[in-house]
Amino acid sequence: MYTALYARQSIDRDNSVSIETQLEYCKGALRPDEQQYGVRCFSDRGYSGKNTERPDFQRLMKEVRRGRVRKIIVYKLDRISRSIVDFVDMLRDFRRYNVSFSSSQEGFDTGSAYGEMICKILMVFAEFERESIVNRVRDAFEKRSDMGLYTGGRQVYGYRLCETVIHGIKTKYLVPEENEAEQVRYIFDAYSQPSVTLRTLQAELLANNIVPLRGADWTTGKLGSMLRNPVYARADADIYSYFEQKGTRIVGGLESFSGRHNVQLYGRTVHDASLDDWSDMKIVLLESEGLVDSETWLKCQHKLEQNRQIGNSLSNRTSWLSGKLVCSLCGHTMTTVRSGSRRYFMCSGRTNKKTCKGIKPTIYVSDMEDMMDGYISEKLKNIRGKNKDRSAEDTARLNELKLKLKSAEQKLDSVAEAVMNSGAVSELISVLNEKALKLTEEKRHYLSAIEVLERASSAETTDLSKKWDKAAFAEKRSVCSILVKAVSLYENGDAEIIWNI
Ligand SMILES: [Zn+2]
């Protein structure tokens, strides 16, 4: 039985601790009563800690399983493993073969009451550190690999698909085709305006003689799938959040969403992307450039999603609230019915299907519109418009802050998970609390910095509610469709507004 000292160094660098120094530290951590046992050194030079495929580490584990090792000492935890999964497996093996384990720098020992648990937690944090290293390595790799290259095969309007050979692999990348790209930008800009629908957009393109430079005429279907394609967006923190919320798997580290490159959606054709379940989809960051800023792209998604919800009822032009009012009794939308000179809302479950008894009080369209007018005006006062003239520097800074905020939030989630898994061990909870407090502090810092930047650039924007007061029917319908998810009507005539924002 002997004590094993284990050291690992991935590459010789000025700032990394050499194997020899690591072993010195390990020797220093030997307790006097341990000096009587033999000591053997194991070391892996030029191996990373991300897996266990290291010759001397494997040799050490064999010794452990033969029952020859009584204790293992490392300089730092991340020397023996950088993977929490591997590490937990090791701990299990150590316990089975009565091997105690200690780390000289972090100063703990599995022999102590909660040492093992603290090991686990420290590894969670080690994983955080690793994330950033992995991302940096991946970024460097991506530049040379085909990961950031377009693999969709199909031609994308606005881009030329150029063939290239990288590392002996034939692959393709997207290069903007300026004439087409200009049309794409025009289409996104136009559709992001509240009053423009796919149909009026189609008409506007025709009127301005903007014809497709390849393929047949624009159809609303074609325009819709173009507007839905994330390949056009300059991917930044907001785009990341959008897909994260959808439950889409995202390939490419958070910090790569710098607002320069675009993404490709995998898993189904973009045309079907109107389906609600995105969990089987994957977003991959490309090396090429997006054509449209994220704000415009997201505005368009919002509109497309709203239109889908309203569906055909948009053709009902009798109220700008059409399609938004829902009968709470049966869930059907309310349609307008004429009675003399006035129009009122009635449950379509009653008018069409005769399956609902409908809502008792008569709800006149004009009354409902007046009421909603007020609520929406109120709502718009609280929405700060964004200044288009924000400097490029500020935009980049803002995105950087949003990414940092997101990263802090993700770390907080991991800490919360660690708390839940740690049981009621008070020492652990206090370690975690400290980490959580630090992260929360960090979060607050980013949030306030973001607010300062956003406020600075929105200082001169006009009050949206003033615009609302002068809005025409079509504009009101658009604004309402963006702001309001639904208005639920109850039997007694009460209404409940479900906002989108
Ligand atoms: Zn009903």
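A residue is called buried when its relative accessible area is under 20%, exposed when that area is over 50%, and partly exposed in between. Keep in mind as you click around that this is a predicted model.

**Stop 1: a pair with that label**

Select Glu178. Its relative accessible area is 43%, so Glu178 is partly exposed.

**Stop 2**

Next, pick Arg79 and Asp78. These two form a salt bridge as well, and their closest N and O atoms are 3.1 Å apart. Buried or exposed: what are Arg79 and Asp78? Both are buried.

Then jump to Arg65 and Asp93, another salt bridge, with 3.7 Å between the closest N and O atoms. This one ties together distant parts of the chain: Arg65 belongs to helix α2 (residues 55-65) and Asp93 to helix α4 (residues 84-96), 28 residues apart.

How many salt bridges does the count come to? It comes to 20.

**Stop 3: the zinc ion**

Click on the zinc ion and show the side chains of Cys327, Cys330, Cys347 and Cys356. Their SG atoms are the protein donors, lying 2.3 Å from the zinc ion. Why is the arrangement tetrahedral? The four donor atoms subtend angles of 90 to 116 degrees around the zinc ion, and that makes it so. For comparison, the ideal angle for four tetrahedral donors is 109.5 degrees.

Along the chain, the donors follow the spacing C-x2-C-x16-C-x8-C. Cys327, in strand β11 (residues 325-327), and Cys356, in the loop between α11 (348-351) and β14 (363-364), sit 29 residues apart, so to speak bridging distant parts of the chain. Both Cys327 and Cys356 are buried.

**Stop 4**

Finally, switch to the cartoon view and find the open sheet of three strands, ordered β12-β13-β14 with antiparallel pairing. β12 (334-339) and β14 are at the edges with a single partner strand each, so one side of each has no neighbour in the sheet. Strand β13 (residues 342-347) pairs with β14 over two bridges. To end, select Tyr344 and look across to Tyr364 in β14, which stands opposite.

Note on methods:
Residues numbered from 1 in each chain as written. Predicted model: local features only at pLDDT ≥ 70, side-chain atom pairs only at ≥ 80, totals over all residues. Heavy atoms only, no water. Donors = N, O, S within 2.8 Å, 3.2 Å for Na, K, Ca; no water. Tetrahedral: all angles 85-135°; square planar, octahedral: opposite > 155°, others 65-115°. Helix = DSSP H or I, 4+ residues; strand = E, 2+ residues; numbered from the N terminus. Buried < 20%, exposed > 50% of the residue type's maximum accessible area, 1.4 Å probe, protein only. Pairing = 2+ DSSP bridges. Salt bridge = Lys/Arg side-chain N within 4 Å of Asp/Glu carboxyl O.
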